[in-house]
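Dear colleague,

I am passing on to you the structure shown below. My notes on it follow, and I would be grateful if you read them with the structure open.

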Amino acid sequence: MDRVKIAILFGGCSEEHDVSVKSANEIAANIDNEKYEPIYIGITKSGVWKMCEKPSADWENGNCFPAVLSPDKNMHGLLVIKNQECEIHRIDVAFPVLHGKSGEDGAIQGLFELSGIPYVGCDIQSSAICMDKSLAYIIAKNAGIATPEFWVIHKDDHPATDAFPYPVFVKPARSGSSFGVKKVNGADELDAAIESARQYDSKILIEQAVLGCEVGCAVLGNNSELIVGELDQIRLRHGIFRIHQEAEPEKGSENAVITIPADLSAEERERIRETAKKIYKALGCRGLSRVDMFLQDNGRIVLNEVNTLPGFTSYSRYPRMMAAAGIALPELIDRLIVLALKG
C-alpha cells in the first residue's frame, strides 16, 4: 500500500519562526513513517521556500532544493528545482506547522484552497478571525460568550492616556506567543506599550485586565464530533506568560507553573470544556485549536484567545493536554491528518 504523501511546512516569516521549527522537529520525530511519506518544506525568515531533509535548527545549511506549492489544482503539489530541472511532487495532504502571520491568519490556507490540497487545521475564514483577537471577541460575544472589554486603535491613532480603566493589556491584534504584549498599570506606561505592540502589527488591542486564573483547553475534531484534552492551568509568579520567548523553555517556564490537569473541581472542568467547544464552533474552527480562557472567582468564564495552530514543541501546551487525556503525539498527528483528508 502506498504511503500518504504529506507536505509538512515549517519556519515562515513571522516572529514565531524558531518555535515553528521546534514544532516541526517534534512532528518529524513522531510521525508514522510506515503510513506517511513526509516531505519537509522549510520557509526562511525572508520567505524563501526550500525542500529539505528534516526540520532542525540549522536546516537551511543541509541538502535543500528550491520548492514552491503550485496553485494549479491539476498539479496538486510541489514544484521542486533539482539540477536545473523542475520536478513535480504530487501531495495528498499538507500540514502547515506554521505559527503566527502567514501561517495562522488564512494566508497559507488560501494557497492550499487554490491548489486543491487538503490541509490540517482551520480554514481561511476561521484562521483569519481567530488571528485577529478583536474579531474573535466580537463573534464570541454575539454567541453569548464572555469576553474582556477592549478598544482598538490603528496606526495613526493617539488615544488619550486617561481614557482607559487601568490595568490594561496592550497587544498586537494579530500576533501570537505574547510578542509585543505588555501589561500597563497606569497612564504613564501606555504610550511605550503601544509603540512596542506596533513593532508587530498596525492594529493594536487595548484590553481591560481580567482577574482570574488562566486555563486552556485543547480541542480536536470537525463539526460536532469534538474531543477535548485535559485542561491546563497557568499560575504566574510575576509578569505575563511568554514561555516561547524564554532562553531555555524546555526546562520549564521562568515565571509560571503549568498544571495538567487543572486543579479544579469536576464541575468547573466540565463547564470550561463545554465553553471551549462552544467557542470553537462559534468561530468556525476545524481540525484543532487551543482555546485559552480565564476562570474568575465568581465562576464566570471569559475568553482570552484561540490558537488555530498551537505549538507542538516538547513543552507546548496542546500536545501535553492531549497526552494527559490518553492521546500521545503519534496518534494525535495521525488523527489530524485523517481529519484533514475527511474535509
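How many nonpolar, polar and charged residues are there in the lining of the second largest cavity? Please note that this is a predicted model. The lining comprises five nonpolar, four polar and one charged residues. The residues concerned are Tyr119, Val120, Gly121, Asn222, Arg286, Gly287, Leu336, Leu339, Ala340 and Gly343. Helix H8, residues 329-342, contributes the most to this lining, with three residues. The space in the second largest cavity amounts to about 50 Å³.

This cavity belongs to a set of four of 30 Å³ or more that a search of the whole structure finds. The largest cavity has a volume of about 100 Å³. Its lining consists of Glu16, Glu104, Cys130, Met131, Lys133, Ser175, Gly176, Glu305, Val306, Asn307 and Thr308. By class, these divide into three nonpolar, four polar and four charged residues. Helix H3 (124-131) and strand S17 (301-307) each provide at least two residues of the lining, and S17 gives the most, with three.

A further point concerns helix H5, which spans residues 190-197. Within H5, Leu190, Ala193, Ile194, Ser196 and Ala197 are buried. These residues lie on the same side of H5, because they cover an arc of only 160° around the axis. An α-helix has 3.6 residues a turn, so residues three or four places apart point the same way. Among the elements that cover the buried residues of H5 are strands S8 (150-153), S9 (168-172), S10 (182-184) and S11 (204-208).

With kind regards

Definitions and conventions:
Residues numbered from 1 in each chain as written. Predicted model: local features only at pLDDT ≥ 70, side-chain atom pairs only at ≥ 80, totals over all residues. Heavy atoms only, no water. Buried < 20%, exposed > 50% of the residue type's maximum accessible area, 1.4 Å probe, protein only. Helix = DSSP H or I, 4+ residues; strand = E, 2+ residues; numbered from the N terminus. Arc of directions from axis to C-beta. Contact = heavy atoms within 4.5 Å. 1 Å grid on protein atoms, 1.4 Å probe; cavity = no way out; pocket = protein on both sides within 12 Å on 5 of 7 lines; lining within 4 Å. Points joined across faces, edges and corners; volume = space filled by probe spheres on them. Nonpolar A, V, L, I, M, F, W, Y, C, P; charged D, E, K, R; others polar.
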